[in-house]
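Please find below some short notes on the model under review. They take the overall form of the chain before turning to individual positions.

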Amino acid sequence: MISTLTQFFKNEDGATAIEYGLIAALIAVAAIAAFQLVGTNLSGIFNSIAGDL
């Protein structure tokens, strides 16, 4: 019983999957923030162009 628990706690197969999930989530948050910033800037540019026309 103790050896089974020891093997369970030493098993790190799931750790890499969690780490990859966290990295993917961080990249997604950064991409959303960047796209939102670019979208806001583009909206201002298009409004400026429309006003000049």
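1. A compact globule of 53 residues would have a radius of gyration near 10 Å, whereas the protein chain has 24 Å; the radius is taken over C-alpha atoms, and the globule rule is 2.2 Å times the number of residues to the power 0.38. Along its principal axes, the C-alpha trace spans about 80 × 10 × 5 Å.

2. This is a predicted model, in which local features need pLDDT of at least 70, side-chain atom pairs count only at pLDDT 80 or more, and totals for chains, interfaces and linings use all residues. Residues are numbered from 1 along each chain as its sequence is written, and side-chain values use heavy atoms, with hydrogens and water left out.

3. The secondary structure comes to two helices and zero strands (DSSP runs numbered from the N terminus: helices are H or I of at least four residues, strands E of at least two). Asparagine 11 lies in the loop between α1 (2–10) and α2, and its C-alpha atom is separated by 46 Å from that of threonine 40, 29 residues apart along the chain.

4. Buried residues make up 0% of the 53 residues (buried means under 20% relative accessible area, exposed over 50%, partly exposed in between, with a 1.4 Å probe and protein chains only). Asparagine 11 counts as partly exposed because its relative accessibility is 47%. Leucine 53, in the segment after α2 (13–52), counts as exposed at 86%.
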